[in-house]
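Biologist: Could you take me through this structure? Please begin with the term I will need for the packing.

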Amino acid sequence: MKLYYFPSPNPQKIQFALNEIGLECEVVPVDLTKNEQRKPEFLELNPLGRVPVLTDGAFTLWDSHAILAYLGDKTGKLWPTSAAGRADALRWLFFLSGHISPSASDLAFNRIAVKVLGIPGDQDAIARGERALPGVIQILEGRLASSKWLMGENFSLVDCGYGPVLNVIDKAGFGFAGYPRVSAYLEAIRAREAWRRTPKLPGL
Ligand SMILES: N[C@@H](CCC(=O)N[C@@H](CS)C(=O)NCC(=O)O)C(=O)O
């Protein structure tokens with residue numbers, strides 16, 4: 001297997017998951033600061049020009065949450081075995097894609113990435129992200145009232161999806177103080193050896 005990688009949240013989910021599962025994978029760097037994701041050979045792997053991409057022999061897969069589901073099904077590790085369990089895992093990953101990631105991107109791009117790119121942040125996007133996040137983070141707070149991890153008492157690949165996103169939301173200045181369970185959950189993820197070994201950008 002090969003993982004096309006840059007140390008930003010979406011690819012981090014996969015490296016974190018591979019570390020947790022204990023699966024060897026060749027890492028192919030794609031430097032987003034040099035626009036390598038727009039090169040024709042990379043666009044053949046992912047026409048959206050985004051990382052992560054995973055290849056497994058002749059099979060090419062993009063989208064971090066599809067890759068998490070694939071790794072879970074392929075290895076049978078950190079992934080539910082029942083139809084209801086798998087649907088529950090996908091529900092939380094779709095919730096992350098549809099309702100949390102867009103706001104996380106609004107904050108992370110306009111408060112963090114713009115500094116590297118030397119361009120001004122879009123204040124409207126920051127305000128939109130700050131407005132949207134409390135409602136969805138409160139849903140996580142509620143979910144974590146009855147279980148340690150998102151899928152229950154056992155850590156799963158769903159948590160590998162949430163960790164890097166909550167980490168960047170925190171680094172981008174969203175206050176988790178009003179969400180003690182989400183805060184504790186993020187610290188529990190950060191304490192995991194597999195997350196510590198996941199490459200990060202300086203300061204993130
Ligand atoms: N829905 C995709 C989003 C992937 C994505 O936006 N990746 C970012 C890095 S975290 C990227 O490659 N950005 C490059 C660009 O937009 O040009 C996923 O979950 O994999």
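Modeller: Two residues are in contact if their C-beta atoms, placed from the backbone, lie within 7 Å. Please keep in mind that this is a predicted model.

Biologist: Understood. What covers the buried residues of α3?

Modeller: The cover includes α1, β3 (53–56), β4 (59–62), α4 (83–117) and α6 (157–171).

Biologist: And which residues of α3 are buried?

Modeller: They are Ser-64, His-65, Ile-67, Leu-68, Ala-69, Leu-71 and Gly-72.

Biologist: How far apart are the end C-alpha atoms of α3?

Modeller: They are 16 Å apart. At 1.5 Å a residue, the 12 residues of α3 should span 16 Å, so the two values agree.

Biologist: What follows α3?

Modeller: Gly-76 does, and its phi is positive, near 70°.

Biologist: Let us turn to the ligand. Which residues surround the ligand?

Modeller: The ligand is surrounded by Ser-8, Pro-9, Asn-10, Leu-32, Gln-37, Gly-49, Arg-50, Val-51, Pro-52, Asp-63, Ser-64 and His-65. Two elements, α1 (9–21) and α3 (64–75), each give two or more residues to this shell.

Biologist: How do the residues of that shell divide into nonpolar, polar and charged?

Modeller: Four are nonpolar, six are polar and two are charged. Ser-64 and His-65 belong to the ligand shell, and both are also among the buried residues of α3.

Biologist: Now the domains. What does the domain assignment give?

Modeller: It gives domain 1, covering 2–75, and domain 2, covering 83–192. Their centres, taken over C-alpha atoms, are separated by 20 Å.

Biologist: How many residues of each domain are in contact with the other?

Modeller: In domain 1, 13 residues are in contact with 11 residues of domain 2. On the domain 1 side, α1 and α3 are the elements that give two or more residues. That side divides into six nonpolar, five polar and two charged residues.

Biologist: Finally, the overall fold. How many helices and strands are there?

Modeller: The protein has eight helices and four strands. From the N terminus on, the order is β-α-β-α-β-β-α-α-α-α-α-α. The radius of gyration is 17 Å, close to the 17 Å from the globule rule for 204 residues, so the protein is as compact as a globular protein of that length.

Biologist: What box do the C-alpha atoms fill, and what share of the residues is buried?

Modeller: Along the principal axes, the box is roughly 45 × 45 × 25 Å. Of the 204 residues, 34% count as buried. Among contacts with a separation of 6 or more, 65% come from residues 24 or more positions apart.

Methods: Residues are numbered from 1 along each chain as its sequence is written. This is a predicted model: local features need pLDDT of at least 70, side-chain atom pairs count only at pLDDT 80 or more; totals for chains, interfaces and linings use all residues. A residue is near a molecule or strand if its C-beta atom, placed from the backbone, lies within 6 Å of it. Ala, Val, Leu, Ile, Met, Phe, Trp, Tyr, Cys and Pro count as nonpolar, Asp, Glu, Lys and Arg as charged, and the others, Gly among them, as polar. Domain bounds come from an automatic or database domain assignment. The radius of gyration is taken over C-alpha atoms; the globule rule is 2.2 Å times the number of residues to the power 0.38. A residue is buried if 20 or more other C-beta atoms lie within 10 Å of its own, exposed if 12 or fewer, and partly exposed in between; C-beta atoms are placed from the backbone. The expected span of a helix is 1.5 Å times one less than its number of residues.
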